[in-house]
Amino acid sequence: MKNIVILISGGGSNMKSIAKRAQKGQWLERHHTQIALVLSNDPQAGGLAWAQNQGLKTQVLDHKGFLQEPEPRRAFEEALIQTLEPHAPDLIVLAGFMRILGPHFVGHYAGKMMNIHPSLLPAFTGLHTHKRAIEAGVKFAGASVHWVSEVLDAGRIIDQAVVPVLPSDTEHSLAARVLTQEHLLYPRVIENWIKNTL
Ligand code: GRF
């Protein structure tokens, strides 16, 4: 059995698209692959209730619970590893997970962790990508799925989706156009990973 763990922080629209593809693509039946856990660092994440309703295992590990630790980030990441290990993850999918993961966690899951970033990397790493793209006057934008490395948004790119930037675009209209493509890109990348690692 191959186990995929998905990490979210909010609405989890990418997680939902992946879970729907897992159902439609019969990942369990045809590829012995399951979404073993949906975990959020935010107990209020809307994606948790949706995942539970789909019958997926969910868990919360609130990063705010580690703020009193001498090294809060490291303590959170160690707890995250201890939380994930029982699910024997073969692939960690960051899907709108808004915590920066440091070398301890990234090193532990080196080569097994993907992220989706809402820009055509290596352009516009970091935050507010759509606003920055419009301000820069780019004619195309999009999303990138990449392996996670110790440098933020800089791991090897797996695949990308491109959308036009229209003169009338606001960061919100561009974000919506990119998100629609994210929901096609991420499930496709993961399904290709499943088929190529069996
Ligand atoms: C998306 O733009 C994604 O690219 C970024 O987080 C945003 C929200 O993702 N990583 P989701 O709706 O929580 O999946």
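Helix axes here are lines fitted to C-alpha atoms over the stretch in contact, and their angles run from 0 to 180 degrees between N-to-C directions. Helices (H or I, at least four residues) and strands (E, at least two) are DSSP runs, numbered from the N terminus.

This is a predicted model, in which local features need pLDDT of at least 70, side-chain atom pairs count only at pLDDT 80 or more, and totals for chains, interfaces and linings use all residues. Residues are numbered from 1 along each chain as its sequence is written, and side-chain values use heavy atoms, with hydrogens and water left out.

## Helix packing

Two packed helices are described by the angle between their axes and the distance between the axes.

| Helix pair | Axes come within | Crossing angle |
|---|---|---|
| H1 and H3 (residues 46-53) | 10 Å | roughly 15 degrees |
| H1 and H7 | 9 Å | roughly 45 degrees |
| H6 and H7 | 9 Å | roughly 115 degrees |

Let us begin with H1 and H3, whose axes cross at roughly 15 degrees. The two helices are therefore roughly parallel to each other, a label for angles under 35 degrees; over 145 counts as roughly antiparallel, 65 to 115 as roughly perpendicular and the rest as oblique. The crossing of H1 and H3 is right-handed, a term used if the near helix is turned clockwise from the far one by less than a right angle (left-handed if anticlockwise). On the H1 side, Met15, Lys16, Ala19 and Lys20 meet Gly47, Trp50 and Ala51 of H3, where contact means heavy atoms within 4.5 Å. By class, four of the residues in this contact of H1 with H3 are nonpolar, one is polar and two are charged. In this scheme Ala, Val, Leu, Ile, Met, Phe, Trp, Tyr, Cys and Pro count as nonpolar, Asp, Glu, Lys and Arg as charged, and the others, Gly among them, as polar.

H1 also packs on H7, with axes that cross at roughly 45 degrees. That angle makes H1 oblique to H7. H1 passes H7 in a right-handed crossing. From H1 come Ser13, Asn14, Ser17, Ile18 and Arg21, which meet Leu179, Glu182, His183, Tyr186, Pro187, Ile190 and Glu191 in H7. The residues of this contact comprise five nonpolar, four polar and three charged.

The crossing of H6 over H7 is right-handed too. His130, Lys131, Ala133 and Ile134 of H6 make the contact with Glu171, Leu174, Ala175 and Val178 of H7. Five of these residues are nonpolar, one is polar and two are charged.

## Pockets

A pocket is an open set of points on a 1 Å grid over the protein atoms alone, where a 1.4 Å probe fits, with protein on both sides within 12 Å along at least five of seven lines; lining residues have an atom within 4 Å of a point. Volume is the space filled by probe spheres set on the points.

The largest pocket has a volume of about 840 Å³. Of its 34 lining residues, Gly96, Phe97, Met98, Ile116 and Pro118 lie nearest the centre. Helix H1 (13-24), strand S5 (113-117), helix H6 (129-136) and helix H7 (171-196) each give at least two residues to the lining. That lining has 15 nonpolar, 15 polar and four charged residues.

The second largest pocket holds about 290 Å³ of space. Its lining has 15 residues, with Ala22, Gln23, Leu28, Ile35 and Leu56 nearest the centre. H1, helix H2 (27-31) and strand S2 (33-40) each supply at least two of the lining residues, and the largest share, four residues, comes from S2.
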